[in-house]
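Hi,

Here is the model I promised to pass on. Have a look at it first, and then read on for my notes on how the chains meet.

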Number of protein chains: 6
Amino acid sequence: MLRPSNREFDEMRKVSIEPNVNMHAEGSCLIKCGNTHVICTASVEDHVPGWMKGTGKGWVTAEYGMIPRATGTRMEREAKKGQSGRTEEIQRLIGRSLRSCVDMARLGEICIKVDCDVIQADGGTRTASITGGYVALRLAINKLLKEKVLFSDPIVVSVSAISCGIYNGTPVLDLDYVEDSNAQTDSNFVITGRGGIVEIQGTAERVPFTPEQFTQLYNLAVKGTNELKEIQRQALI
Amino acid sequence: MLRPSNREFDEMRKVSIEPNVNMHAEGSCLIKCGNTHVICTASVEDHVPGWMKGTGKGWVTAEYGMIPRATGTRMEREAKKGQSGRTEEIQRLIGRSLRSCVDMARLGEICIKVDCDVIQADGGTRTASITGGYVALRLAINKLLKEKVLFSDPIVVSVSAISCGIYNGTPVLDLDYVEDSNAQTDSNFVITGRGGIVEIQGTAERVPFTPEQFTQLYNLAVKGTNELKEIQRQALI
Amino acid sequence: MLRPSNREFDEMRKVSIEPNVNMHAEGSCLIKCGNTHVICTASVEDHVPGWMKGTGKGWVTAEYGMIPRATGTRMEREAKKGQSGRTEEIQRLIGRSLRSCVDMARLGEICIKVDCDVIQADGGTRTASITGGYVALRLAINKLLKEKVLFSDPIVVSVSAISCGIYNGTPVLDLDYVEDSNAQTDSNFVITGRGGIVEIQGTAERVPFTPEQFTQLYNLAVKGTNELKEIQRQALI
Amino acid sequence: MLRPSNREFDEMRKVSIEPNVNMHAEGSCLIKCGNTHVICTASVEDHVPGWMKGTGKGWVTAEYGMIPRATGTRMEREAKKGQSGRTEEIQRLIGRSLRSCVDMARLGEICIKVDCDVIQADGGTRTASITGGYVALRLAINKLLKEKVLFSDPIVVSVSAISCGIYNGTPVLDLDYVEDSNAQTDSNFVITGRGGIVEIQGTAERVPFTPEQFTQLYNLAVKGTNELKEIQRQALI
Amino acid sequence: MLRPSNREFDEMRKVSIEPNVNMHAEGSCLIKCGNTHVICTASVEDHVPGWMKGTGKGWVTAEYGMIPRATGTRMEREAKKGQSGRTEEIQRLIGRSLRSCVDMARLGEICIKVDCDVIQADGGTRTASITGGYVALRLAINKLLKEKVLFSDPIVVSVSAISCGIYNGTPVLDLDYVEDSNAQTDSNFVITGRGGIVEIQGTAERVPFTPEQFTQLYNLAVKGTNELKEIQRQALI
Amino acid sequence: MLRPSNREFDEMRKVSIEPNVNMHAEGSCLIKCGNTHVICTASVEDHVPGWMKGTGKGWVTAEYGMIPRATGTRMEREAKKGQSGRTEEIQRLIGRSLRSCVDMARLGEICIKVDCDVIQADGGTRTASITGGYVALRLAINKLLKEKVLFSDPIVVSVSAISCGIYNGTPVLDLDYVEDSNAQTDSNFVITGRGGIVEIQGTAERVPFTPEQFTQLYNLAVKGTNELKEIQRQALI
C-alpha cells in the first residue's frame with residue numbers, strides 16, 4: 001500500500017505550533033499540520049453565560065470557521081449563509097474536548113472563548129483545531145495565573161486529537177484531504193495527555209468496519225496523540 | 001449498583017414497533033423504546049438532489065424533529081427559531097446510518113426522505129430514530145418492489161442503534177433520560193444486522209474513559225442491537 | 001348530491017378524543033376527526049410574557065405544526081424554512097379561540113401554551129386543533145385546581161370548532177381534504193358551549209356566496225359544534 | 001350611545017380616493033378613510049409564478065406594509081425584523097379579495113402585484129387597502145386594455161371592504177382606532193359590487209357575540225360597501 | 001451639452017417641503033425634489049440605546065425605506081428579504097449627517113428616530129432624505145422646546161445634501177435618475193448651514209476622475225446646499 | 001503635535017506584501033500595514049452572475065471578513081449573526097475599487113472573487129484590503145495569461161488605497177486604530193497608479209471640516225498611494 005502522501009501508515013504529517021501570533025488575544029497560536037493551517041485564539045471574558053451566573057464556575061467554549069478559499073474550491077462565506085450543521089458539529093466537538101481539560105470550579109466565573117479559524121485546509125481541520133486550541137487555552141490561562149487573576153491552575157490535563165482511517169484496506173494515521181476523500185472510514189480520536197479517551201467518532205463512509213479494524217485505528221491514534229503532546233509541550237516552553 | 005429504572009446493567013427497555021401508522025407515507029412506523037416514542041415515515045420522491053442527477057444513483061436522507069412538549073420541560077418550537085446544531089447533528093447521523101444499508105446504484109434515481117418525529121422523549125431518541133427509520137425505509141422499498149418500480153432489492157443489510165454509558169462506574173445498556181443525565185459517558189453505536197460497525201460516537205461527559213471501558217460498552221451494544229434486529233424482523237413480517 | 005365521503009350533508013366524520021397521551025404535559029389529548037389526527041398538549045409556565053407582568057392576569061397561547069408527511073405530498077419541514085404565514089394565521093386563530101374561554105384574572109400570572117401538532121392531515125386540522133386544544137387546556141387547569149395552584153376555575157365556557165362549505169352547490173358539514181379542495185367556499189366557525197360565536201371565517205374560493213348560503217353554513221356549524229361539545233364532555237369524564 | 005368620533009352608528013368616515021398618484025405604477029391611488037391613508041399601486045409583470053406557467057391563466061397578488069410612524073407609537077420597521085404574522089394574514093386577505101374580481105383566464109399569463117402601503121393609520125387599514133387596491137387594479141387593467149395588451153376585460157365585478165363592530169353594546173359601522181381598541185367584536189366584510197360575499201372575518205375580542213348581532217353587523221357592512229362602490233366609481237371616471 | 005431634464009448644469013430640480021404631514025409624529029414633512037418624494041418623520045423616544053444609558057447624552061438615528069413601486073421597475077419588498085447593504089449604507093449616512101447637527105449633551109437622554117420613506121424615486125433619494133430629515137428633526141425639537149421637555153436648543157447648525165456628477169464630461173448639479181444612470185461619477189455632499197463639510201462620497205462609475213473635476217463638483221454642491229438651506233428655512237417658518 | 005505612533009504627519013506605517021500565501025487560490029497575498037494584517041485571495045470562477053450571462057463580459061467582486069479576535073475586544077462571529085451593514089459597505093467599496101482597474105470585455109465571461117480576511121486589525125483594514133486585493137487579483141490574472149486562458153491583459157491600471165484624517169487639528173496620513181478613534185475626520189482615498197480618483201469617502205466624526213483641510217488630506221493620500229504602488233510593484237516581481 002502506498003499513501004498518496006508517501007507517508008508510512010503510522011506517520012503523521014509534519015506539525016508545527018507557533019505561539020502568540022495575535023497581538024490582542026490572551027492566548028493564541030498558528031498550528032500547521034502539513035498544509036492544514038489554523039489560527040487559534042483564546043479570549044478571556046470576565047462573565048459567564050446567564051445560566052451559569054452565581055454558580056462560581058467558569059466556562060470554556062469554542063467556535064470554528066474557514067476563510068472561503070481555505071479549500072480547493074472556494075466555499076460560500078458562512079457570514080452570508082449562516083453556519084452549516086457541519087460547522088456547528090465541529091465547534092461543539094472542540095468545545096467539549098477543551099472543557100474536558102479544565103476544572104471549572106477552579107476557573108471561577110470566567111468564560112474563555114477559543115476561536116479556530118482555518119486559513120488553509122488539507123484534511124484534519126477539526127483535530128488540528130483541538131490540538132492548537134489547547135495551546136491557545138493554556139497560554140491564556142498562563143497569563144491569568146501570571147497576572148494573579150487565577151491562583152491555582154484550572155487545567156487538569158492536556159488534550160490533543162488526530163484522525164485515522166482505513167485507506168485501501170489498511171488502517172493509517174492522520175488522513176490528509178486526498179486520503180480522506182478515498183478512505184472507507186474516518187475516525188477522530190480526542191485523547192488526554194494521560195491517555196484517557198475524551199471523544200471517539202468513527203464513521204463508516206461506505207463499508208461498515210470490524211471491531212478489529214477499530215482497535216487498530218485506536219492504537220494509531222494513541223501513537224499520534226503522544227507525538228502531538230510533545231509538540232504542544234515544546235510550543236509552550 | 002441499582003439503575004433508576006431497576007433494569008439489569010445489560011437490559012434494554014421494552015421496545016415495540018408498530019408498522020404502517022401513517023396513511024400517506026410509502027413506509028412508516030411508530031417505535032416505542034420505553035417512554036421514548038418516535039413516528040418514522042419514509043417518503044419516496046422520483047428525483048434526486050441536483051448534484052446527483054444523471055448519475056443513475058439514488059439517495060436516502062433523514063430529518064429529525066421533536067414536538068415541543070416531547071420533553072419534561074417544553075422546548076421552543078424549532079419552526080420558530082430554526083434547527084439547532086444538535087438537531088442537524090442528529091439528522092445527519094440518522095441519514096448516514098440509513099445510507100449504509102442501501103446500494104444506491106440499485107435504488108436508481110429515487111430519493112427517499114425518512115422523517116423521525118419524536119412525540120415523547122425519555123432518552124435515546126436518536127438511536128430509536130435509526131432503528132425505526134430502518135423499518136420505515138424497508139417498508140417503503142418493499143412497496144416499490146411490489147409495485148415494480150424497483151426490480152432488485154437495494155437494501156443490503158439491516159441496521160439498528162443503541163446507546164450505552166457508564167453509570168455509577170458500571171457500563172450499562174440503553175440509557176433512559178434520568179440515567180443519561182447522570183452518566184459519565186454516553187456512547188451511541190450503530191451496528192448492521194451482520195455485526196459491521198457503521199458509527200461509533202463516544203463522549204466523556206466529565207471524566208475521560210479508558211479503552212477497557214470502551215470495550216465493555218461495545219459488547220453491550222452488540223447484545224442490544226442483536227435484540228433490536230429481531231424486533232425489527234417481527235415488525236416487518 | 002353525493003359527497004366523496006358518502007356522508008350526509010349534515011354528517012360529521014367520526015371523532016374520538018383520547019386524553020392524557022403525553023407523560024410530560026400538564027394536559028394532553030389525541031383528537032381524531034376521521035383521518036385528521038392531532039396531538040394537543042397544554043404546558044403550564046409560572047410566568048407570563050413581559051408585557052403582562054404585574055397585571056395579575058394570565059395568558060393562553062397556542063402553536064401549531066405538522067410533521068412533514070402529515071400530508072399526501074411531503075411538505076418541507078418548517079424548522080428548516082421558518083413558519084409560513086398560513087401556520088401563523090392558524091396558531092393565532094387557535095390562541096384567540098382558547099382565550100375566549102378563560103377568565104384571565106382568575107387564572108393569575110400563569111401562562112398556558114397549547115401545542116397542536118398534526119401527525120396526519122385530511123382537512124379540518126385547524127378546527128380539530130381548537131376542539132382538541134380545549135380538552136388539553138381543560139385537563140391542565142383541572143390539574144392546577146387539584147394541586148391547589150388555582151382555587152377557582154378560570155374556564156367560563158367550553159369551545160369547539162368545525163368547518164362547513166358549499167360543495168357542488170350544497171352546504172355541507174365538516175369538509176375532508178378532497179371535499180375542501182373542490183368546495184366553492186370554506187368557512188370555519190368557533191362556537192362556545194353556550195352557543196356564542198367566537199370566530200367566523202368565511203372565504204369564497206372562486207364564486208362569492210350569498211347571505212342565505214352563509215346562514216345555512218352557520219346552522220350546520222351549530223349542529224356540529226353541539227355534537228363536538230358532547231364528545232369533549234365524554235373525554236373529560 | 002355616543003361614538004368617540006361623534007358619528008352615527010351607521011355612518012362611515014369621510015372617504016376620498018385620488019387616482020394616479022404614482023408616476024411609475026400602471027395603476028395607483030391614495031385612499032383616505034378619515035385619518036387612515038393608504039398608497040395603493042398595481043404593478044404589471046409579464047410573467048406568472050412558476051407553478052402557473054403554461055396554464056394560460058394570470059395571477060393577482062397583494063402585499064401590505066406600514067411606514068414605521070404610521071401608528072401612534074412608532075413600530076419597528078418590518079424590513080429589519082421580517083413580516084409579522086399579522087402582515088402576512090392581511091396581505092393574503094387583500095390578495096384573495098382582489099382575485100375574486102378577476103377572470104384569470106381572460107387576464108392571460110400576466111401577474112399583477114398590488115402594493116398597499118399605509119402612510120398613516122387610524123383603524124381599518126386592511127379594508128381601506130382592499131377598497132383602494134381595487135381602484136389601482138382597475139386602473140392598471142384599463143391601461144392594458146387601452147394599450148391592446150388585453151382585448152376583453154378580465155374584471156367581472158368590483159369589490160370593497162369595511163369593518164363593523166359592537167361598541168358599547170351597539171353594532172356600528174367603520175371602526176376607527178379608538179373605537180376598535182374598545183370594541184367587543186371586530187368584523188371585516190368584503191363584498192362585491194353585486195352584493196356577493198367574498199370574505200367574512202368576525203372575531204369576538206372578549207365576549208362571544210350572538211347570531212342576531214352578527215346579522216346586524218352584516219347589514220351595516222352592506223350599507224357601507226354600497227357607499228364605497230359609488231366612491232370607487234367616481235374616482236374611476 | 002444638453003441635460004435630459006433640460007436644466008442648466010448648475011440648476012437644481014424644483015424642491016418643495018411640506019411640514020407636518022403626519023398626525024402621529026413629533027416632527028414630519030414631505031419633501032419633493034422633482035419627482036423624488038420622501039416622507040420624513042421624527043419620532044421621540046424617552047430612552048436611549050443601552051450603551052448610552054447613564055451618559056446624560058441623547059442619540060439621533062435614521063432609517064430608510066422605499067415602497068416597492070417607488071421605482072420604475074417594482075423592487076421586492078425589503079420586509080420580505082431583509083434590508084439590502086445599500087439600504088443600510090444609506091440609513092447610516094442619514095444618521096451620521098443628522099447627528100452632526102446636534103449637541104447630544106443638550107438633548108439629554110432622549111432618542112430621536114428619523115424615518116425616511118421614499119414613496120416615489122427619481123434619483124437623489126438619499127440626499128433628499130437628509131434635507132427633509134433635518135426639517136422633521138427640527139420640528140420635533142421645536143415641539144420638545146415648546147413643551148418644556150428641553151430648555152435649550154440642542155441643534156447647533158442646519159444641514160442639507162445634494163448630489164453632483166459628471167454627465168457627458170461636464171460637472172452638473174442634482175442628478176435625476178436618467179442622468180445618474182449615465183453619469184461617469186456620482187458624488188454626494190452633505191454640508192452644514194455654515195458651509196462645513198459633513199460628508200463627501202465620490203465614486204467613479206467607470207472612469208476615475210481628476211482632482212480638478214472634483215473641485216468643480218464641490219463648488220456646485222455649495223451652490224445647491226445654499227439654496228436648500230433657504231427652502232428649509234421657509235418650510236420651518 | 002505628536003502622533004501616538006510617533007510617526008511624522010505624512011509617514012505611513014511599514015507595509016509588507018507577501019505574495020502566494022495560499023496553496024489553493026489562483027492569486028493571494030498577506031498584506032501587513034503595521035499591525036493590520038489581511039489575507040487576500042482571488043478565486044477564478046468560469047461563470048458570471050446570471051444577469052451577465054451572454055454579455056461576453058466578466059465580473060470582479062469582493063468579500064470582507066474578520067476573525068473574531070482580530071480586534072482588541074472579541075467581536076461576535078458574523079457567521080452567527082449575519083454580515084453587518086459595515087461589512088457590506090466595506091466589501092462593496094473593495095469590489096467597486098477593484099472593478100475600476102479591469103476592462104470587463106477583455107476579461108470575458110469569467111468571475112473573480114477577491115476575499116479579504118482580516119486576521120489582525122489595527123485601523124485601516126478596508127484600505128489595506130484594497131491594496132492587497134489588487135495584488136491578489138493581479139496574480140490571478142497573471143496565472144490566466146500564463147495558462148492562455150486570457151490572451152490580452154484585462155487590467156488597465158493598478159489601484160491602492162489609504163486613509164487620512166485630522167488628528168489634534170493636523171491632517172495626518174494612515175491612521176492606526178488609536179489615532180482613528182480620536183480623529184475628527186476619517187477619509188478614505190482610492191487612487192489609481194496614474195493618479196485618477198476612484199473613490200473618496202470623507203466623514204466628519206464630530207466637527208465638520210473645511211475645504212482647505214480636505215485638500216490637505218487629499219495631498220497626503222496622493223503621497224501615500226504613490227508609496228503603496230511601489231510596494232505592490234515589488235511584491236509582483
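Across the interface of chain A and chain F, the rule picks out 14 salt bridges. Keep in mind that this is a predicted model, so please read everything below as computed from it. One of those bridges pairs Asp117(F) with Arg77(A), and their closest N and O atoms are 3.0 Å apart. Another brings together the side chains of Glu63(F) and Arg74(A), at 3.1 Å from N to O. Glu63(F) sits in strand S4 (residues 59–66) of chain F while Arg74(A) is in the loop between S4 and H1 of chain A, so this pair joins two chains. For context, a search of the whole structure gives 126 salt bridges over all chains.

Polar contacts turn up here as well: 28 residue pairs between chain A and chain F, both partners at pLDDT 80 or more. As for which elements are involved, strand S3 (36–45), strand S4 (59–66), helix H1 (78–81) and strand S5 (111–120) of chain A each supply at least two residues of the side that touches chain F. Sorted by class, that side of chain A has 14 nonpolar, 12 polar and 11 charged residues.

How much area do chain A and chain F bury between them? It comes to about 2800 Å², with 47% of it on carbon and sulfur atoms. The contact takes 37 residues from chain A and 37 residues from chain F. Of the interface residues of chain A, 100% are also interface residues in chain F, so the copies meet through the same surface.

Chain A superposes on chain F by a rotation of 180° with 0.0 Å of shift along the axis, at an RMSD of 0.0 Å. The two copies are thus related as by a two-fold rotation axis. If you want to find that axis on the screen, go to Ala79(A): in chain A its C-alpha is the nearest to the axis, 1.8 Å away.

Now for the other pair, chain C and chain D. Here 23 residues of chain C are in contact with 23 residues of chain D. Together the two chains bury about 2000 Å², and 52% of that is on carbon and sulfur atoms. The rule finds two salt bridges across this interface. Among them is Glu89(C) with Arg92(D), whose closest N and O atoms are 2.2 Å apart. Polar contacts between chain C and chain D number 13 residue pairs, again with both residues at pLDDT 80 or more.

Which elements of chain C make up the side that touches chain D? Helix H2 (85–99), strand S9 (197–204) and helix H6 (211–236) each supply at least two of its residues. S9(C) gives the most, with eight residues. By class, this side of chain C holds nine nonpolar, eight polar and six charged residues.

S9(C) pairs with strand S9 (residues 197–204) of chain D in the antiparallel sense, over five bridges. To pick out one position, Glu199(C) has Thr203(D) in S9(D) as its bridge partner.

No contact joins chain C and chain E either, with the closest C-alpha atoms 12 Å apart.

Cheers

Conventions
Residues are numbered from 1 along each chain as its sequence is written. Chains are lettered from A and ligands numbered from 1 in the order in which they are written. This is a predicted model: local features need pLDDT of at least 70, side-chain atom pairs count only at pLDDT 80 or more; totals for chains, interfaces and linings use all residues. Side-chain values use heavy atoms; hydrogens and water are left out. Contact means heavy atoms within 4.5 Å. Buried area is the accessible area (1.4 Å probe) that two parts lose on being put together, summed over both. A salt bridge is a side-chain nitrogen of Lys or Arg within 4 Å of a carboxyl oxygen of Asp or Glu. A polar contact is a pair of N or O atoms within 3.5 Å; within protein, one must be able to donate a hydrogen and the other to accept it, and residues adjacent in sequence count only if both atoms are side-chain atoms. Helices (H or I, at least four residues) and strands (E, at least two) are DSSP runs, numbered from the N terminus. Ala, Val, Leu, Ile, Met, Phe, Trp, Tyr, Cys and Pro count as nonpolar, Asp, Glu, Lys and Arg as charged, and the others, Gly among them, as polar. Two strands pair if DSSP finds at least two bridges between them. Copies are superposed by least squares on the C-alpha atoms of residues with pLDDT of at least 70 in both.
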